[in-house]
Amino acid sequence: MSNPQHLTYSKEHEWLTATEDGVATVGITAFAADALGDVVYVDLPEVGRTIAAGETVGELESTKSVSDLYTPASGEVVEVNQAVIDDPALVNSAPFEGGWLFKLRLEGEPEGLLSADEYTAHTGG
């Protein structure tokens with residue numbers, strides 16, 4: 001699965017897209033989902049929580065391991081994806097669509113993120 005060009009990416013394998021109203025959607029990449037294996041549980045940040053870029057905000061548990069979830073940008077969590085909480089396998093089957101994790105009202109402009117091509121190079125793709 002290729003990395004969508006309209007997203008930006010962190011070196012920790014999260015993706016981010018911003019909308020016109022300053023709210024960004026955050027998820028993990030297909031590369032990360034593949035590396036984790038079958039995701040069976042997600043722990044997401046609470047709505048209303050203010051988080052800082054690079055902060056651990058939850059975790060993903062798979063049949064292989066448990067991995068920390070980091071945020072690629074700073075802001076306030078405004079929504080979590082209840083569908084992923086109910087069916088964590090969405091992280092694997094649709095990492096760039098229905099498998100998104102949370103939405104964040106951005107605080108400032110995100111820094112240090114990679115383009116799709118830069119992220120592909122970062123992961124050896």
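## Strands 6 and 7

Strand 6 and strand 7 run antiparallel and are joined by 5 bridges; two strands count as paired if DSSP finds at least two bridges between them. Strands here are DSSP runs (E, at least two residues), numbered from the N terminus. A hairpin of 3 residues links strand 6 to strand 7, and Glu-59 stands opposite Asp-68 in strand 7.

Strand 6 (residues 56-62) is also joined to strand 4 (residues 39-43), running antiparallel with 4 bridges. Here Val-42 has Leu-60 in strand 6 as its bridge partner.

## About the model

This is a predicted model, in which local features need pLDDT of at least 70 and side-chain atom pairs count only at pLDDT 80 or more, while totals for chains, interfaces and linings use all residues. Residues are numbered from 1 along each chain as its sequence is written, and side-chain values use heavy atoms, leaving out hydrogens and water.

Now to the open sheet: 6 strands form it in the order 1-2-3-9-8-5, with antiparallel pairing.

Ala-18 has Ala-24 in strand 3 as its bridge partner.

## A look at Ser-74

Ser-74 lies in the loop between strand 7 (66-70) and strand 8 (75-80). Beyond its neighbours within four places in sequence, Ser-74 is in contact (heavy atoms within 4.5 Å) with residues including Ile-51, Ala-53, Leu-104 and Glu-107. The side chain of Ser-74 reaches the backbone nitrogen of Ala-53 at 2.8 Å.

Technical notes:
A polar contact is a pair of N or O atoms within 3.5 Å; within protein, one must be able to donate a hydrogen and the other to accept it, and residues adjacent in sequence count only if both atoms are side-chain atoms.
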